[in-house]
Amino acid sequence: MRTIACFDFDGTLTRADTLGPFLRVVAGNGPFLRAFAADAPRLALAGAGAGSRDDAKERMLRRLLGGRDHADLVIRGNVYADDVVARRMRVDMVDRLRWHVERGHEVAIVSASLDVYIDGVAEQLGVETVLCSRLEVDDDGRVTGRLVGGNCRGAGKAQRIRERFGTDGYELWAYGDSAGDAEMLAAADHPVRLTRRGRIRIPTP
């Protein structure tokens, strides 16, 4: 039977959030803070279950990335990916990812963060499958700020795993650290819930 290992990115493979710092680098500190302030009430409502976190995220992306050249974002994303790999990864979880690779398991990164830099990180880690939030690009090669297929979070993570790998015929390991990983962990034969502090003991079959 196939074995598949799916890793959340922010807080699981990395020590902290990566999307906010990337948006700050690309858009600048002032625009980032203004966009965050504008969406803060909606994000608070979403956190309390009274609004859509996904809608709030797309509004912020439209403000900060809408109209930008996609090719330029990919270049900047690759530079940012180098920084993430050099300074922001959880060593214990990268070791765990490599444990799966060495055993011939299929490995995927499953994340709500953006393709323009996660693809670069995945390449450096030797991961071929990335299921993440992907920026929509118009006919002129410019980012709209919308996400193709929606935000890869919550139920969206489990759905993308099913679409990519099917619904049976494999043993699934899943690694995550937040409520956004709950559905992915619930679908796994071996769910591993992490905290963002310190090392953990991971069960080995």
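The side chains of Glu 106 and Arg 2 meet in a salt bridge, at 2.7 Å from N to O. A salt bridge here is a side-chain nitrogen of Lys or Arg within 4 Å of a carboxyl oxygen of Asp or Glu, and the structure holds 11 of them. This is a predicted model, in which local features need pLDDT of at least 70 and side-chain atom pairs count only at pLDDT 80 or more, while totals for chains, interfaces and linings use all residues. Residues are numbered from 1 along each chain as its sequence is written, and side-chain values use heavy atoms, with hydrogens and water left out.

- Helices (H or I, at least four residues) and strands (E, at least two) are DSSP runs, numbered from the N terminus.
- Glu 106 counts as partly exposed at 28% relative accessibility, and Arg 2 counts as partly exposed at 35%.
- Buried means under 20% relative accessible area, exposed means over 50%, and partly exposed lies in between (1.4 Å probe, protein chains only).

**Other salt bridges**

- Asp 119 and Arg 134 meet through their side chains in a salt bridge of 3.1 Å, N to O.
- Asp 119 sits in helix α6 (residues 115-125) and Arg 134 in strand β3 (residues 129-137), so the pair ties together parts that are 15 residues apart in sequence.
- Both ends are partly exposed: Asp 119 has 29% relative accessibility and Arg 134 has 28%.
- Asp 92 and Arg 90 form a salt bridge at 3.0 Å, N to O; Asp 92 and Arg 90 are both buried.
- A network of salt bridges links Asp 8, Lys 157 and Asp 181.

**Packing of helices α1 and α3**

- The axes of helix α1 (residues 19-27) and helix α3 (residues 53-65) come within 10 Å and cross at roughly 25°.
- That makes α1 roughly parallel to α3 (angles under 35 degrees count as roughly parallel).
- Axes are lines fitted to C-alpha atoms, for helices over the stretch in contact, and angles run from 0 to 180 degrees between N-to-C directions.
- Leu 19, Leu 23, Val 26 and Ala 27 of α1 make the contact with Lys 57, Met 60, Leu 61, Leu 64 and Leu 65 of α3, where contact means heavy atoms within 4.5 Å.
- The residues of this contact divide into 8 nonpolar, no polar and 1 charged.
- Ala, Val, Leu, Ile, Met, Phe, Trp, Tyr, Cys and Pro count as nonpolar, Asp, Glu, Lys and Arg as charged, and the others, Gly among them, as polar.

Key:
Angles under 35 degrees count as roughly parallel, over 145 as roughly antiparallel, 65 to 115 as roughly perpendicular and the rest as oblique.
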